Amino acid sequence: MPAVEVDRLVVRYGSLVAVDGITFDADFGEVVALLGPNGAGKTTTVETLEGFRRADAGRVRILGLDPWSDHTKLTPRVGVLLQRGGIYPIMSAERAVRLFGAYYEDPRDPDELIDLVGLGSVARTPYKRLSGGEQQRLALALALIGKPRVAFLDEPTAGVDPAGRIAVRDVVVALRTGGVCVILTSHELDEVQRLADRVVIVDHGRVVAAGRQGELQGGSEELRFAAEPGLAIGDLSARLGARVTEGPPGEYLVPAPPVPALVAELAAWLAERDLQLGDLRAGRQRLEDVFLKLTGPGVAGAADGSSGRTSPASKRPSRRGRTRR
Ligand code: ATP
């Protein structure tokens, strides 16, 4: 039994079909990222999996249970990282973690958890005085205090500084190693590329691509480099035997396997012209490129409503302050 099963899920807000038949699953010990542009239906999907919204059609199971009708049974076994809020403003991080821990039969050690998310030095600071990144780390701690089997992490690194990102990444890796199923949503695709085992890309309420990391990026490899803008790419293409393109000014893509001979030719071509080589990156396409190809401007259905959806009737209410308890 997968930890999370989503089968042809449909969720509507009035006449707006926010989720239009999404299907995917996730196993224990797996990190699955749900990606999509703004308004794609990620939050609606995750809120349905968390039991905060009812499916209009389709089937959703978490640990084999229905998150809407079995919400009470699931609550102690599922961790939810709230986007913000849900904590008394004057409560310290330490007290919040202890309080949330008291809801569970066998919680994690609060002090260890506070250290794990890097809040040791501000453990006594009231919530409202914590920085945005610190509040986010606390939200992560609260999602994990009950030793969940499934963790929903919505933008876990939003507003978190580089050191904090590493801490969050380490926490996610430790969850996976511990057999937890992690459902991650994020707009930070480099982060996702590092962390996720599988990726589900949604747009207009539908899955437009899904697969393991690497599969999704396709088998073909490429070379990317940076140099001064406006290189004579026709000449360089002829030299390399591949059609070089310039994306953003000064960033170049060579769609060919990045074998050493190709890299040597590129370096020689630049050296002959006394040009500097900037970033050099070899490998598969970046997740960001795949994402933009599938969901970016100009993609059918991305802007013309061809998915059959109507315009948003209203904005969703804020998740601020919402808590499962
Ligand atoms: P983002 O990346 O911006 O958080 P998302 O992929 O999470 O977006 P959702 O929040 O699920 O997208 O929204 C999907 C669609 O449903 C959007 O068009 C949004 O405006 C609409 N929507 C969300 N919540 C409500 C609501 N409570 N009432 C009406 N429409 C809503």
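This briefing walks through the fold, the nonpolar cores, the aromatic pairs and a few individual residues of the protein above. The model is predicted. The protein has 325 residues, and buried ones make up 50% of them. Its secondary structure consists of 10 helices and 13 strands.

**Overall picture**

- If we take the contacts between residues at least 6 apart in sequence, 68% of them join residues at least 24 apart.

**Nonpolar cores**

- The largest nonpolar core has 47 residues. Those touching the most other members are Leu35, Val97, Leu138, Leu140, Leu153, Val192 and Val199.
- Helix H5 gives the most to this core, with a contribution of seven residues. To find this helix in the structure, look at residues 132–144.
- Setting aside its neighbours within four places in sequence, Val97 is in contact with Pro110, Leu113, Ile114, Leu138, Ala141, Leu142 and Ile145. One of these partners, Leu138, is also on the list of core residues that touch the most other members.
- Another core lies apart from the largest one and has 28 residues. Val4, Val11, Leu63 and Ile183 are among its members.

**Aromatic pairs**

- A pair of aromatic rings is described by how far apart the centres are and by the angle of the planes. The count for this protein is two aromatic pairs.
- Phe100 and Tyr103 make an edge-to-face pair, with 6.0 Å from centre to centre and 80 degrees between the planes. The pair counts as edge-to-face because its planes are over 60 degrees apart.
- Phe100 has a relative accessibility of 11%, so this residue counts as buried.
- Phe225 and Tyr252 form a stacked pair, with centres 5.0 Å apart and 15 degrees between the planes. Here the angle is under 30 degrees, which is why the pair counts as stacked.
- Phe225 sits in strand S10 (residues 221–226) and Tyr252 in strand S12 (residues 251–254), so this pair ties together parts that are 27 residues apart in sequence. Both Phe225 and Tyr252 are buried.

- Lys147 is not a glycine, yet it has a positive phi of about 50 degrees. You will find Lys147 in the loop between helix H5 and strand S6, the latter spanning 150–154. With a relative accessible area of 40%, Lys147 is partly exposed.
- Glu155 is not a glycine either, and its phi is also positive, at about 50 degrees. Glu155 belongs to the loop between S6 and helix H6 (162–177). At 14% relative accessibility, Glu155 counts as buried, because the cut-off for buried is under 20%.

**A histidine to look at**

- His71 is part of helix H2, which covers residues 71–74. His71 has a relative accessible area of 17% and is therefore buried.
- A polar atom of the His71 side chain lies 3.3 Å from the backbone oxygen of Pro67.

Notes: Residues are numbered from 1 along each chain as its sequence is written. This is a predicted model: local features need pLDDT of at least 70, side-chain atom pairs count only at pLDDT 80 or more; totals for chains, interfaces and linings use all residues. Side-chain values use heavy atoms; hydrogens and water are left out. Rings of Phe, Tyr and Trp (its six-membered ring) pair if their centres lie within 6.5 Å; planes under 30 degrees apart count as stacked, over 60 as edge-to-face and the rest as tilted. Buried means under 20% relative accessible area, exposed over 50%, partly exposed in between (1.4 Å probe, protein chains only). Helices (H or I, at least four residues) and strands (E, at least two) are DSSP runs, numbered from the N terminus. A nonpolar core is a set of buried Ala, Val, Leu, Ile, Met, Phe, Trp, Tyr and Cys residues joined through side-chain atoms within 4.5 Å. Contact means heavy atoms within 4.5 Å. A polar contact is a pair of N or O atoms within 3.5 Å; within protein, one must be able to donate a hydrogen and the other to accept it, and residues adjacent in sequence count only if both atoms are side-chain atoms.
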